Amino acid sequence: MRPCSSQPLSKPPFGKDGFSKYWTKHRPLKLPKRARHACRVLSPLERLEELGTRRFGVIFELEGIIVPSCAKADREEWQQIAREEGLEQPAEYQLRAALRKKTDHAVSRVFNWASEPQQVRFLTQRKSALFCKRTETTDHRAHEHVLAFLRLLDGFDVPCAIYSSQLSSEELTVLLRRLQLTGYFKTESVIGRDDVQSGLPDTEYYLVAARALFRPISKCIVISDHHLAIEATTEIGMKCVIVNGVDSTWELRGANMVVPSLEWISFRNLQNIFRYQYHHENPGIPAHAHVDPADINIEDITSSSIDFN
């Protein structure tokens, strides 16, 4: 039945550009980005893949995770450099402030040893050389735990990135090659101190890593052992897993997970970090979209309406 109207229904005019003008005036309403994305993944299998908990990336910190952390050795290296170059010995509070800071920032801003770029570069490279020498005596048991965890992530096709506040990207690549870990990190996912302007607790390291992994910020997990990682990830909405090292437990309450070592982390643990977050942020998406596909009977999954409001 034709709807009542004071004017007859218009028909699209024909001509050189008449139809384009008609389409511009009468084209369908453009849906919000979230609604368009939801419409695109109405297929149950696509929804499980796109909106499930498997599409995430992991960002590792070199110091403390890949290479065991030792604050005492780090302080001794700074003191050795001061003796060798005839510089003022750093105070205790300066050594604490320099921990996990970019090496060039520690030289020029924390210890105030140099301001000339060449001198800063020389002292920075000297500290990197001492750090690399220390890693030659890496605990083989800790290295086995790291290798097993990387194999687990690689088995589920989870992309990984790594960053270091002490080594440049070239030095970090050499170290990973010596540790036989280069196969788990792509070249663009190896982030050194020369790839960022600011170190922790600034968020630049993690923003660069998320871009290299082609993952949204909210779908990245940072694995560290220092409370500075919690500050940075909380600011931008990333997830953080802390491998409890030297920090007090009360300083780590902002982390999503705190474990004694990497061997305590399973793939299901990482999934659970995202599972309930998706349910609250996307109430229109069925609950089975947050469950591991291995636990789902595909025949029981049916399309359902999605609330775009």
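N112 is found in the loop between α7 and α8 (117-135), where helices (H or I, at least four residues) and strands (E, at least two) are DSSP runs numbered from the N terminus. This residue has a positive phi of about 55 degrees although it is not a glycine, and with a relative accessible area of 55% N112 is exposed, the terms being buried for under 20% relative accessible area, exposed for over 50% and partly exposed in between (1.4 Å probe, protein chains only). The model is predicted, so that local features need pLDDT of at least 70 and side-chain atom pairs count only at pLDDT 80 or more, while totals for chains, interfaces and linings use all residues. Residues are numbered from 1 along each chain as its sequence is written, and side-chain values use heavy atoms, with hydrogens and water left out.

**Backbone features in the loops**

- Most residues other than glycine have a negative phi, and most peptide bonds are trans.
- R100, in the loop between α6 (92-98) and α7, has a positive phi near 70 degrees and is a residue other than glycine; R100 is buried, with a relative accessible area of 7%.
- The peptide bond from L200 to P201 is cis, with omega near 5 degrees, and P201 has its place in the loop between β3 and α11.
- Just after α12, G237 takes a positive phi of about 90 degrees.

- A106 lies in helix α7 (residues 103-110) and is buried, with a relative accessible area of 0%.
- A106 and T124 are 18 residues apart in sequence, and their C-alpha atoms are 8.9 Å apart in space.

**The sheet and its strand β4**

- An open sheet is formed by 6 strands in the order β3-β2-β1-β4-β5-β6, with parallel pairing; two strands pair if DSSP finds at least two bridges between them.
- The edge strands of this sheet are β3 (190-191) and β6 (257-259), each of which pairs on one side only.
- Strand β4 (residues 220-224) has 5 of its 5 residues buried, and it is therefore largely enclosed by the rest of the structure.
- C220, V222 and S224 point one way from β4, whereas I221 and I223 point the other way, and all are buried.
- Strand β1 (residues 57-61) pairs with β4 in the parallel sense over 4 bridges, with I59 standing opposite V222 and V58 opposite I221.
- Strand β5 (residues 239-243) runs parallel to β4 and is joined to it by 4 bridges, and K239 in β5 is the bridge partner of I221.
- From β4 the chain crosses through helix α12 (residues 227-236) to β5 in a right-handed β-α-β crossover, a crossover being right-handed if, with the strands pointing away from the viewer, the path from the first strand over the helix to the second runs clockwise.
- The buried residues of α12 are L228, A229, I230, A232 and T233, and what covers them includes α11 (204-213), β4 and β5.

**Nonpolar cores**

- In the largest nonpolar core, which has 36 residues, F60 and I223 touch the most other members; such a core is a set of buried Ala, Val, Leu, Ile, Met, Phe, Trp, Tyr and Cys residues joined through side-chain atoms within 4.5 Å.
- Helix α9 (residues 140-155) supplies the largest share of this core, 5 residues.
- Apart from it lies another core, of 23 residues, among them Y163, L200, V208 and A210.
- Not counting residues up to four places away in sequence, I223 touches V58, I59, F60, E61, I65, F149, V241, V243 and L262.

**Cysteines**

- C220, at 0% relative accessibility, counts as buried, and C240 also counts as buried, at 1% relative accessibility.
- The count of disulfides comes to 0, a disulfide being a pair of cysteine sulfur atoms within 2.5 Å.

**The chain as a whole**

- The protein chain has 13 helices and 6 strands, and buried residues make up 44% of its 309 residues.
- Among contacts between residues at least 6 apart in sequence, 64% join residues at least 24 apart.
- The chain exposes about 17700 Å², of which carbon and sulfur atoms supply 52%, with accessible areas coming from the Shrake-Rupley method with a 1.4 Å probe and, for residues, only the protein chains shown counting as cover.

Definitions and conventions. Contact = heavy atoms within 4.5 Å.
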